[in-house]
Structure formats: structure tokens, C-alpha cells
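Subject: Structure for you to look at

Hello,

Here is the structure I promised to pass on. Please open it first, then read my notes beside it.

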Amino acid sequence: MKLSARNQLKGIVTNIEVGAVNVEVTVEVAPSVALTSILTKKSCEYLGLAVGKEAVLVIKASSVMVATE
């Protein structure tokens with residue numbers, strides 16, 4: 001599959017929190033570095049996501065904000 005989004009991070013699913021409608025999926029992309037995504041339960045089932053399974057996070061954003069203190 002080819003995507004226009006350049007930011008693709010491969011990792012391992014470490015946690016899945018199932019809610020009434022949505023699922024919160026956490027993927028570890030490097031040691032001690034994890035990102036979390038919220039998707040529908042139906043999408044989670046369709047993708048076959050499970051703890052320990054490999055997944056690719058695809059990040060598409062038109063802008064990235066930077067802040068300092």
C-alpha cells in the first residue's frame with residue numbers, strides 16, 4: 001500500500017482500552033516511546049488489532065505546532 005502521508009511509525013500494540021463506541025490503542029514505536037490513537041470499535045475489529053501485534057501509525061497533518069516555555 002502506498003500513502004501520501006510521510007510520517008509512518010511501525011510499532012507493537014501494547015494496550016487496548018475498549019469503550020462503549022471507541023477504542024483507545026497504544027502502540028510502542030521505540031523503547032519507552034508510545035503513541036495512542038482513538039478509533040471506532042468496528043475499525044479495531046476490522047484491522048484485527050491485538051496486544052503484541054505489529055501496527056503502523058500513519059500521521060497526516062497540515063501543520064505541526066512548536067512551543068517553548
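How many bridges join strand 1 to strand 2? The count is six, and the two strands run antiparallel. Strand 1 covers residues 7-18, and strand 2 covers residues 22-30. Please keep in mind that this is a predicted model.

**The overall layout**

The protein chain has one helix and four strands. Read from the N terminus, the order of elements is β-β-β-α-β. The chain is 69 residues long, and 17% of them count as buried. Its C-alpha trace spans about 35 × 35 × 25 Å along the principal axes. The accessible surface is about 5,700 Å². Carbon and sulfur atoms make up 55% of that surface.

One more number describes the chain as a whole.

The four strands form an open sheet in the order 3-2-1-4, and the pairing is antiparallel. Which strands sit at the edges? They are strand 3 (33-40) and strand 4 (54-59), and each of them pairs on one side only. From one strand to the next, the twist averages 45°.

As background, the strands of a sheet pair through backbone hydrogen bonds, in either a parallel or an antiparallel way.

Now go back to strand 1 and strand 2. A hairpin of three residues joins them. Find Val-18 and look across to strand 2: Val-23 stands opposite. Then find Val-13, whose bridge partner in strand 2 is Val-27.

Next, follow strand 2 to strand 3. These two strands also pair in the antiparallel sense, over eight bridges. Here Glu-28 stands opposite Ala-34 in strand 3. The hairpin of strand 2 and strand 3 has two residues between the strands.

**Ser-32, in the loop**

Ser-32 lies in the loop between strand 2 and strand 3. Is Ser-32 buried or exposed? Ser-32 counts as exposed because its relative accessibility is 76%, and the cut-off for exposed is over 50%. Check its backbone too. Ser-32 has a positive phi of about 65°, although it is not a glycine.

**Thr-26, in strand 2**

Thr-26 lies in strand 2. Thr-26 counts as buried because its relative accessibility is 14%, and buried means under 20%. The side chains of Thr-26 and Thr-36 are joined by a polar contact of 3.2 Å. What else does Thr-26 touch, beyond residues up to four places away in sequence? Its contacts include Ile-12, Val-13, Thr-14 and Asn-15. Ala-34, Leu-35 and Thr-36 are also among them.

**The nonpolar core**

In soluble globular proteins, nonpolar side chains tend to be buried together. Which residues form the largest nonpolar core here? There are nine: Val-13, Val-23, Val-25, Val-27, Leu-39, Cys-44, Leu-49, Ala-55 and Leu-57. Strand 2 and strand 4 each supply at least two residues of this core. Strand 2 gives the most, with three residues.

Start with Cys-44, which lies in helix 1 (residues 41-47). Why does Cys-44 count as buried? The reason is its relative accessibility of 8%, because the limit for buried is under 20%. Leaving out residues up to four places away in sequence, Cys-44 touches Val-23, Leu-39 and Leu-49.

Then turn to Leu-49. Set aside its neighbours within four places in sequence. Leu-49 is then in contact with Val-13, Ile-16, Val-25, Leu-39, Cys-44 and Ala-55.

**Where to start**

Begin with the sheet order, 3-2-1-4. Then click through the nine residues of the largest nonpolar core. Finish at Ser-32 and its positive phi.

Best wishes

Note on methods
Residues numbered from 1 in each chain as written. Predicted model: local features only at pLDDT ≥ 70, side-chain atom pairs only at ≥ 80, totals over all residues. Heavy atoms only, no water. Buried < 20%, exposed > 50% of the residue type's maximum accessible area, 1.4 Å probe, protein only. Contact = heavy atoms within 4.5 Å. Pairing = 2+ DSSP bridges. Axes fitted to C-alpha atoms, helices over the stretch in contact; angles between N-to-C directions. Core = buried A, V, L, I, M, F, W, Y, C linked by side-chain atoms within 4.5 Å. Areas by Shrake-Rupley, 256 points an atom, 1.4 Å probe, with all protein chains shown as cover. Polar contact = N/O pair within 3.5 Å; in protein donor to acceptor, adjacent residues only side chain to side chain.
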